[in-house]
Amino acid sequence: MAAPYDLNDGSVVVIIGSGAGGGTLGNELAQKGIDVVVLEAGARIEHEDFINDEWDSFSQLAWLDHRTTGGGWRVSKDFPNLPAWIVKAVGGTTTHWAGASLRFQEHEFKTLTNYGKVEGANLLDWPVTLAELEPYYAKAEDKMGVTRTNGIEGLPGNNNFKILKAGADKVGYKECHTGNMAINSADRDDRMSCQQTGFCFQGCKWGAKWSTLYTEIPKGEATGRLEVRPNSHVVKIEHDDSGKVTAVVYADKDGKLQSQKARIICVAGNSIESPRLLLNSASSKYPDGLANSSGQVGKNYMRHTTGSVYAVFEKPVHFYRGTTMAGIVRDEAKHDPSRGFVGGYELETLALGVPFMAAFLDPGGWGRPFASAMDSYANMAGLWIVGEDMPQEQNAVKLHGELKDKYGMPIPDVWFTDHPNDTAMRNHAYKQGESLYAAVGATRSFPTPPYPSTHNLGTNRMSEKAQDGVVNKWGQTHDIKNLFVSDGSQFTTGAAENPTLTIVTLAIRQADYIAKEMGAGSI
Amino acid sequence: MTTIYEQRPGLSRRELLKRGTIGAALIISGRAVISPDKAWGMETTALKPETMATLIKLARDIYPHDTVADRFYAIAVKGHDTKAGTDAAHKELIEAGIADLDKRAGEGGYRGLGWEDDRVKILHDIESTPFFQAVRGDLVVSFYNQKELWSHFGYEGESYSKGGYITRGFDDIEWL
């Protein structure tokens, strides 16, 4: 068999989504000789066509299908229809991401054991350990070209990093460097090195930053066993009387519904669309949606505590020059409840252009306090807080009661409220960030609230027991053997680290498992 | 169609003196709003020119950048006139909102209040109204997304065509 595949070819693995999970899984399976169809809702936009302009790029790449929000989070008030800033295009959110590639820490796989029961939180241990994932983390780091691994030099520090490092040294932080980044510091894997362009979030026009768009996908396509169908918006997953999933219904580029048969289906549409799809695939046999015997599909939505600190200095910084995420302080990523919260956080530099600074520095802000902040733009440095937020059942991706998309399917309604642990952690991080910048002469700083979520996790979580989650340690759904989840919605907890490396790691390992099971004839 | 044009000739000094209102920097002439130095003018088609003049003033009070010229604020709000031309509800929102501002300001209207503090006091009173939120929310993009304004803020914009910043100062900070 070779790509392209017939709609009636039920021997293929169908993957929904082409990002860190779907794109990697597709290539890994194709390399093993397995036939794969990847259905991507978005268009295929090659990296030469990315745009160095914040709002124009946003229109080009962002997932802008109608969504609603609820709960106590400020995003719901300031951006009621934009719960997340993620991508609708081939490559998924790996086109937009900043490149931070950190392994989770050992204790973060066992949060219930290590943090204990936290009132109001739905903590649970992962059914995998760091030791089991280590060989796959190593493969992922090599695949993605992560700096400070595999003999790859760290990236040089830009102005924003230099301020972070100077401040970190002053306040006594010990672990501050230019990060473990999936951005080439030298030519590697037929891709050139970083030119410090400053538009990482708008897609890397050089291809220096790793994205499945120009790595996994073309490599998979070269085997002849991977077919990527863009502009294919999946609407529903179908199953037979035995409960096995059998086909994926999607709207093609002309809006016409098509049905692709499948031997195995892997859902990798990121943590809002993936649970939505399972819920929208409800049937008389599965009235609560697919793989939802636990009731946990859509629940435990996490997005990291986030928030930013921007600081103003007497002299210019031009922090937008260079990589958007140019460095990290890791000292606070430990579990140390004496600080007043469980779990930890990373501090990572961040820069925005004038248009996005105006939109996100202080949403809703106006008048002289706001304008004077903007007038200091050239003298700003900034960082982003990535902290472990608590899984809560009430934080969930639900189906909207009335509103439907153009295919007649209920749209996602994303509910989130901070847990007291999240707030305590964020406030601690704001204070630490402000102290760091004050130590090197900041005259003014801002505790910027969380942006629309760029890390979206947990809504189809892994669990040892079927009653506690949606998938097992392989990302295979507890209820349906040939249905898998392959994106960050698998995460049992969020850890303090950016998710992409772990998503890629799990996808490489899941490919091994799927291939083994297919070979044994069990799926 | 809303038009903005630079350097409109033909307005005599006598015209300016006759038509200028006390305390208002912008001049209304026919359907046009004109800058006092005649450097630019804007014709309104759906909104009243007085409404547009007040919108420009309001825009500056919402995001006051003292060294940024009026024309950037004018460009930022002209979309309201265009939208009012096809959307009756929007036209009503803006006209009623401006009328309310003028009413709260008393004699001379909003533009007649000389001190920023007095105008901003009124804005605080109306800041949760749909009118204020519509104007402010639109301005975040229509004002700050003007490429011609970015150099004022020290932002250099598009970078790929110039080879990124690897040789253009990405790490040139010297004062640490």
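**Ground rules**

I count residues from 1 along each chain as its sequence is written, and chains are lettered from A in the order in which they are written. Since this is a predicted model, local features need pLDDT of at least 70 and side-chain atom pairs count only at pLDDT 80 or more, while totals for chains, interfaces and linings use all residues.

**Entry 1: chain A overall**

I started with the secondary structure, and chain A comes to 12 helices and 17 strands. Helices here are DSSP runs of H or I with at least four residues, strands are runs of E with at least two, and both are numbered from the N terminus. The radius of gyration of chain A is 22 Å, close to the 24 Å from the globule rule for 523 residues, so chain A is as compact as a globular protein of that length. (That radius is taken over C-alpha atoms, and the rule is 2.2 Å times the number of residues to the power 0.38.) I also looked up the span of the C-alpha trace along its principal axes, which is about 70 × 50 × 45 Å.

Next I checked burial: 60% of the 523 residues in chain A are buried. A residue is buried if 20 or more other C-beta atoms lie within 10 Å of its own, exposed if 12 or fewer, and partly exposed in between, with C-beta atoms placed from the backbone. Of the contacts in chain A with a separation of 6 or more, 75% are between residues 24 or more positions apart. Contact means that the two C-beta atoms, placed from the backbone, lie within 7 Å.

**Entry 2: a sheet of 3 strands**

I then followed an open sheet in chain A, with 3 strands in the order 6-7-8 and antiparallel pairing. Strands pair if DSSP finds at least two bridges between them. Strand 6 (233-239) and strand 8 (257-261) of chain A are at the edges with a single partner strand each, so one side of each has no neighbour in the sheet. From one strand to the next, the twist averages 25°; angles run from 0 to 180 degrees between N-to-C directions, and axes are lines fitted to C-alpha atoms, for helices over the stretch in contact.

Strands 6 and 7 of chain A are joined by 6 bridges, and V234(A) is opposite Y250(A). Their hairpin has 5 residues between the strands, and G243(A) takes a positive phi near 100° there.

Strand 7 (residues 245-251) and strand 8 of chain A share 5 bridges. I found A251(A) partnered with L257(A) and A247(A) opposite K261(A). This hairpin also has 5 residues between its strands, and G255(A) in the turn has a positive phi of about 80°.

**Entry 3: helix 1 against helix 12**

I looked at helix 1 (residues 20-31) and helix 12 (residues 500-520) of chain A, whose axes come within 8 Å and cross at roughly 35°. Residues in this contact include T24(A) and L25(A) of helix 1 and I503(A) and A507(A) of helix 12. By class, I noted 10 nonpolar, 4 polar and 1 charged. Ala, Val, Leu, Ile, Met, Phe, Trp, Tyr, Cys and Pro count as nonpolar, Asp, Glu, Lys and Arg as charged, and the others, Gly among them, as polar.

In helix 8 (residues 270-280) of chain A, 11 of the 11 residues are buried, so the helix is largely enclosed by the rest of the structure. Among the elements covering them are strand 1 (13-16), strand 6 and strand 14 (396-404) of chain A.

I found H419(A) in the loop between strand 15 and helix 11 (420-438) of chain A. H419(A) counts as buried, with 21 C-beta neighbours inside 10 Å. Leaving aside neighbours within four places in sequence, H419(A) touches G120(A), A121(A), D389(A), M390(A) and Q392(A).

Chain B has 8 helices and 4 strands, and 34% of its 176 residues are buried.

Where the chains meet, chain A gives 38 residues and chain B gives 28. Helix 6 (159-171), helix 9 (354-360) and helix 10 (368-375) of chain A each give two or more residues, with the largest share, 5 residues, from helix 10. I noted 19 nonpolar, 12 polar and 7 charged residues on the chain A side.
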